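Hi,

Here is the structure I promised to pass on, with some notes to read beside it. Have a look first, and then see what you make of the points below.

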Amino acid sequence: MKIIDKIALVLIIIGAINWGLIGFFEFDLVKTIFGDMSTLSRIIYGLVGISGLWGIKMLFYND
């Protein structure tokens, strides 16, 4: 697994945990730590989204 794939996977996991917290407890961890749609939180949300798109290609790996 390439380093970019590992970084993307970590960001996907962070995003999934955050969505789980939102769904179960109505608690947005990213918003709590970095502010409500601050520049930094928007960058994090953007990176998680890009990582999700990157993760699609992992479905088609042939090891």
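A residue counts as buried when its relative accessible area is under 20%, as exposed when that area is over 50%, and as partly exposed in between. By that rule Met37, with a relative accessible area of 49%, is partly exposed. Please keep in mind that this is a predicted model.

For background, most residues other than glycine have a negative phi. Glu26 also has a positive phi, near 55 degrees, without being a glycine. You will find Glu26 in the loop between H1 and H2, where the residue is exposed, with a relative accessible area of 76%.

Now to helix H3, which covers residues 39-58. Its 20 residues reach 29 Å from the first C-alpha to the last, close to the expected 28 Å. Which residues of H3 are buried? They are Ser41, Ile44, Val48, Ser51, Gly55 and Met58. Viewed down the helix axis, the buried residues of H3 fall within an arc of 80 degrees, so they line one face of the helix.

What do the buried residues of H3 pack against? Their partners are helix H1 (3-25) and helix H2 (29-34). On the other side of H3, Thr39, Arg42, Ile50 and Leu53 are exposed.

Best wishes

Technical notes: Residues are numbered from 1 along each chain as its sequence is written. This is a predicted model: local features need pLDDT of at least 70, side-chain atom pairs count only at pLDDT 80 or more; totals for chains, interfaces and linings use all residues. Side-chain values use heavy atoms; hydrogens and water are left out. Helices (H or I, at least four residues) and strands (E, at least two) are DSSP runs, numbered from the N terminus. The expected span of a helix is 1.5 Å times one less than its number of residues. Buried means under 20% relative accessible area, exposed over 50%, partly exposed in between (1.4 Å probe, protein chains only). The arc is that of the directions from the helix axis to the C-beta atoms. Contact means heavy atoms within 4.5 Å.
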